[in-house]
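User: Could you walk me through how to read this one, feature by feature?

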2 protein chains.
Amino acid sequence: MKNITIKKIAELAGVSHMTVSRVVNRDKYVKEETKNKILKIIKKYGYEPNYFAIGLKTKKSKTIGLIVGDIENPYYSRLAKGVINVCESLNYNVIVCNSQYDSELSEKYLSMLLSKGVDGLIISNIDLKVETIKNLKEKQIPLVFTNIKYDIGDLNYIKADDYYGGKLAAEYLVRLGHRKIYFLRPPDVYGAQERIDAFKDTMTKNKINFDDSYFSDFIFNEDDSYMATKKFISKQKDFTAIIAGNDFIAMGAMEAVFDLGLEVPGDFSIIGYDNLKFTKIMRVPLTTIKQPKYLFGKLAAERVIELLKRPNKINKKKEIVIKPELIERLSCMSINK
Amino acid sequence: MKNITIKKIAELAGVSHMTVSRVVNRDKYVKEETKNKILKIIKKYGYEPNYFAIGLKTKKSKTIGLIVGDIENPYYSRLAKGVINVCESLNYNVIVCNSQYDSELSEKYLSMLLSKGVDGLIISNIDLKVETIKNLKEKQIPLVFTNIKYDIGDLNYIKADDYYGGKLAAEYLVRLGHRKIYFLRPPDVYGAQERIDAFKDTMTKNKINFDDSYFSDFIFNEDDSYMATKKFISKQKDFTAIIAGNDFIAMGAMEAVFDLGLEVPGDFSIIGYDNLKFTKIMRVPLTTIKQPKYLFGKLAAERVIELLKRPNKINKKKEIVIKPELIERLSCMSINK
DNA sequence: TTGAAAGCGCTAACAG
DNA sequence: CTGTTAGCGCTTTCAA
């Protein structure tokens, strides 16, 4: 019943297995008549070519590997959707690995993916060892990074213009008259530093003083953010605005402000980052910076598949940069007199 | 440089490739000395056994297939995280397919997964043809369904007690004194009907009249819900509560109520379903029914891997039922005098 | 404890 | 247009 092989089909059709192979692979050199006959038998017995045998010969898996930080985070799940939808429409499957932001785990999953012969790799915001990347390059495997950057030449990137995004947020608050702006730092992901740089540059350009006390430690989730916000507010009373490293951080910050009996945006203007879905239905709809996450995934998938179809391009660098966008809602207000 | 095979390692070590195979597979019948020598060479040349060759012989892929409705939906992404984390910790990878709630696509992805020789399958809330399921059963492939049910015996399920969940919601509102409760119906996923039944039973038991006008059409997302809510409120003025089929539906409903200049819970009590993360930071923190989504994924993965290790159990039915839980927040109020 | 032989199911290369 | 041969890289079986 099971395991119908190409040979059995050939036998049943009274031809050699090669003729069957040709039919399966749509080779044109098969007589119409023989072809139809074989097709009928294939259908009747539900023959499916053996994936491993094909892989063994062709070294192709029709599978793409995707490593993300945390698939539950809407940022990644939307990106993953972009990747999966594109891949599936082109008859590739995607193995999703959840690194939990752990770079050792990332390395482990990477080697699992490699050993499964994935045809291409999309690595999202994960920090790998430079040595690992170099190995990957040597292996000539199509490789696209999203929102991360390495000091190695000729890699493929899909990334947001984070400096620009950071500037968008900082300039907006400054324009609203804010001078003392607290920065709740996101984890040390790619882009974080550029956004901090943009903040500092904006402050400097506008002749606003600031120092290290304007920056929190790394904040990993909304609970961290809640604590950090309560802490800084209790210490310093003259801040009027908060830049949150991402929307979850903004969420925690907003909760903290409310729990202290203060108002958003009355006492604190808050701006987030990412424009996750929930931001528009928050207690105070959140002003934030929009990142096209689905697009990151889609472009990354398209690029990786292009690369695997044209191996000569693999070592050509390509960088696609996407501009983020300010989404104004109600969590920021002007304090200009 | 590339493609170091077992034979090359054998040659380098001056043994047969079988001895290398034994070392790789931790067979004990290898002299300590030879073993170490081979291990050293393996490490030196970075030898990795070829996945396809192994698969061709063993028919095992160390891969699990997961089909979800929409990976971007927090319900599925959290479930997927449960699946992925468990699988990865046991050295399985997972191919994630995004069916977009389309049952034809689901069938297509299913056959892609099958042709890739996945060792097991987790199918989440997706409606497949009964015939397809039967085929799957014949193939003896480990198979676990989450939150869906078929009229075929001896299948493996991980599911929530949806009747109980529905009852929880309905009884809660009735207890608060509500009599005219509008039901915003979720898409026709598994469990939806049981929750509606629970609602009807609760109403009947409490001698509360209701009819078809108490139920909306199927609602697929927050925008649908927004429209549907505006519509029913404009028509009927005496409803005091809304049961939303899921939290996104509740989100749309709440927006609509506010946009009509009405209050939650003052004019309408709203209860959601799922307890997604964002519900606690909504404009009015949402009372909802908690479903342990990570647990669904975790249990499904554990079960599927158990099954593939004990093939004799594959056709034994097992149903794990999880009780949902009421999470009281601020979106419902008592109207008892 | 080790090795030789066979073969998993397919495709590439060539011959007819 | 069709068939033969060889071999991808490994494991299973059996023999030594």
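Analyst: Happy to. Of the 26 residues around DNA strand C, the nearest are A:Ile6, A:Ser21, A:Asn50, A:Ala53 and B:Lys31; a residue is near a strand if its C-beta atom, placed from the backbone, lies within 6 Å of it. This is a predicted model, where local features need pLDDT of at least 70 and side-chain atom pairs count only at pLDDT 80 or more, while totals for chains, interfaces and linings use all residues. Residues are numbered from 1 along each chain as its sequence is written, and chains are lettered from A and ligands numbered from 1 in the order in which they are written.

User: Which helix gives the most to the surface near DNA strand C?

Analyst: Helices (H or I, at least four residues) and strands (E, at least two) are DSSP runs, numbered from the N terminus. Here α4(A) gives the most, with five residues. At least two residues each come from α1 (6-13), α2 and α4 (51-58) of chain A, and from α2 (17-24) and α4 (51-58) of chain B.

User: How do the residues of that surface divide into nonpolar, polar and charged?

Analyst: Ala, Val, Leu, Ile, Met, Phe, Trp, Tyr, Cys and Pro count as nonpolar, Asp, Glu, Lys and Arg as charged, and the others, Gly among them, as polar. The surface near DNA strand C has twelve nonpolar, ten polar and four charged residues.

User: How many residues does the contact take from chain A and from chain B?

Analyst: Two residues are in contact if their C-beta atoms, placed from the backbone, lie within 7 Å. The contact takes 33 residues from chain B and 33 residues from chain A. On the chain B side, α5(B) provides the largest share, eight residues. By class, that side of chain B has 18 nonpolar, seven polar and eight charged residues.

User: Is B:Lys62 buried or exposed?

Analyst: A residue is buried if 20 or more other C-beta atoms lie within 10 Å of its own, exposed if 12 or fewer, and partly exposed in between; C-beta atoms are placed from the backbone. B:Lys62 counts as buried because it has 20 C-beta neighbours inside 10 Å. B:Lys62 also has a positive phi of about 55 degrees, although it is not a glycine, and sits in the loop between α4 and β1 (63-68) of chain B.

User: What is the peptide bond from A:Val264 to A:Pro265?

Analyst: That bond is cis, with omega near 5 degrees. A:Pro265 lies in the loop between α11 (247-259) and β8 (269-271) of chain A. In chain B, the bond from B:Val264 to B:Pro265 is cis, with omega near 5 degrees.
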